[in-house]
Amino acid sequence: MPDRVRVGIIGSRFEAEIHAIAFQKIPHVAEVVAVASPTPGHAEAFARRFGIPRFYTDYRKMLEDKDIDMVTICAPNYLHAQMTVDAAQSGKHVVCEKPLCMNLEEADRMIEACRENRVFLFYAEELCFTPKYVRAKELVDEGALGKVYLVKQSEKHFGPHSDWFWDVERSGGGVLMDMGCHGIEFARFILGKPKVKSVYAHLGTYVHREKTRGDDEAVTIVEFENDAYAVIENSWAKRGGMDDRAEIYGEGGVTYAVLHMGISLVTYSEYGYGYAVEKAPTTKGWTFTVYEEIWNYGFPQEMEHFARCVLGLEQPKETGEDGKAVLEILCAAYASAGEGRKITFPFEARGVRKPIDLWLRGL
Ligand SMILES: NC(=O)c1ccc[n+]([C@@H]2O[C@H](COP(=O)([O-])OP(=O)(O)OC[C@H]3O[C@@H](n4cnc5c(N)ncnc54)[C@H](O)[C@@H]3O)[C@@H](O)[C@H]2O)c1
């Protein structure tokens, strides 16, 4: 094992850029040595932009590269499982973006392939590494809030940037699948990953009916066995750019964390400027101007943790099992909205091709 983890990125667009920038901030533990994307010219342009030495149009060719220790998967959700299995069989550690995959059978295949080939399967949930949210977790662990009984988390914007997110065959679901997975894992993280007792969800497609069969509004209530519950709110219908916030309530205290808006500059501009907050369509008028967004979101910290695990310096905090636990809750939430009732655990969502089927068949 070299003293720095050699990384190959699969994908060359939105999340791949975030990973490339995150790795640039942690050169002491990792370096990106290759990128793969099938879109003609994209991998090459990406490699040139980030000073990455090798690029491929077929990720399987990249997996033959002996000088890669770990790959990060930044491709559409329906490709995560096969890519993970292929990477594991090539002896590479895997960082898989959220949501883990399309169904529980895929999750099991991914976990098993990584176990058999003795490589790590890391679940890339950056909210567990977001500095403000990590500080909140420290408060909880220190007992500052007393016994925590409620965790609220919400992520909202006006909808994603790429076509495949809107196509439930490739994404597996709408906003609940896309962003509810963040809030669910955040709640598990804050509460110490307790078992689930029940899940209840309300879903709807209120604004983007012409564009998708997926949900663009979601409220999910997860009841846990340690006498606590979570309320997770997500929207692809909210105007005005990205909003990401959390509230944690204990019998002895409360803490509120607002990510983008809470750490941004509040700017007014007649003329507009380059970039305000993610998914904001305009920078004219009043805007929230983010800075150090990737650090404030915890991506470099997350990748540093994964690299240090590969180097044998830390134990994984977010794994394939965590991604699978989130997927189980997502399936239960879609089933709850489909059947119009609370779903109690254990809940077996076997034989389901994608979580949203459990909702759509109830409509
Ligand atoms: N953690 C986060 O906050 C976060 C944010 C955005 C996206 N994501 C996740 O990252 C993943 C990618 O999303 P995105 O926003 O980057 O999508 P995107 O559409 O911007 O990029 C998708 C990339 O996948 C590549 N791709 C498609 N088919 C491929 C194949 N066969 N082999 C290799 N590459 C292939 C495309 O060329 C493109 O570069 C998704 O799973 C998404 O949920 C996570």
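Mentor: What follows takes the domain interface, then the ligand, then the backbone.

The structure is a predicted model, and local features are described where pLDDT is at least 70. The domain assignment divides the chain into domain 1, made of 5-126 + 299-310, and domain 2, made of 128-297 + 325-358. Between the C-alpha centres of domain 1 and domain 2 the distance is 24 Å. Domain 1 brings 26 residues to the contact, and domain 2 brings 33 residues.

Putting domain 1 and domain 2 together buries an area of about 2700 Å², and carbon and sulfur atoms supply 61% of that area. Charged pairing is also present: three salt bridges are found across the interface of domain 1 and domain 2. Elsewhere in the list of charged pairs, aspartate 108 and arginine 350 form a salt bridge, in which the closest N and O atoms are 2.9 Å apart.

On the side of domain 1 that touches domain 2, the elements that give two or more residues are helix H1 (14-24), helix H5 (104-116) and helix H12 (299-310). H12 gives the most to this side, with five residues. By residue class, the side of domain 1 that touches domain 2 holds 14 nonpolar, four polar and eight charged residues.

Turning to the ligand, 27 residues surround it, and the closest are Ser12, Asn77, Glu126, His161 and Ser162. The side chain of serine 162 places an N or O atom 2.6 Å from an oxygen atom of the ligand. For histidine 161, an N or O atom of the side chain is 2.8 Å from an oxygen atom of the ligand. Phenylalanine 14 takes part through its backbone, with an N or O atom 3.2 Å from an oxygen atom of the ligand.

The backbone remains. Most peptide bonds are trans, and most residues other than glycine have a negative phi. The peptide bond from lysine 98 to proline 99 is cis, with omega near -20°. Proline 99 sits in the loop that runs between strand S5 (93-97) and H5. A cis peptide bond also joins phenylalanine 345 to proline 346, with omega near 5°; proline 346 belongs to the loop between strand S15 (343-344) and helix H14 (357-360). Arginine 118, a residue other than glycine, has a positive phi, near 55°. Arginine 118 is located in the loop between H5 and strand S6 (121-124).

Terms used
Residues numbered from 1 in each chain as written. Predicted model: local features only at pLDDT ≥ 70, side-chain atom pairs only at ≥ 80, totals over all residues. Heavy atoms only, no water. Domains from an automatic or database assignment. Contact = heavy atoms within 4.5 Å. Buried area = accessible area lost by both parts, 1.4 Å probe. Salt bridge = Lys/Arg side-chain N within 4 Å of Asp/Glu carboxyl O. Helix = DSSP H or I, 4+ residues; strand = E, 2+ residues; numbered from the N terminus. Nonpolar A, V, L, I, M, F, W, Y, C, P; charged D, E, K, R; others polar. Near = heavy atom within 4 Å. Polar contact = N/O pair within 3.5 Å; in protein donor to acceptor, adjacent residues only side chain to side chain.
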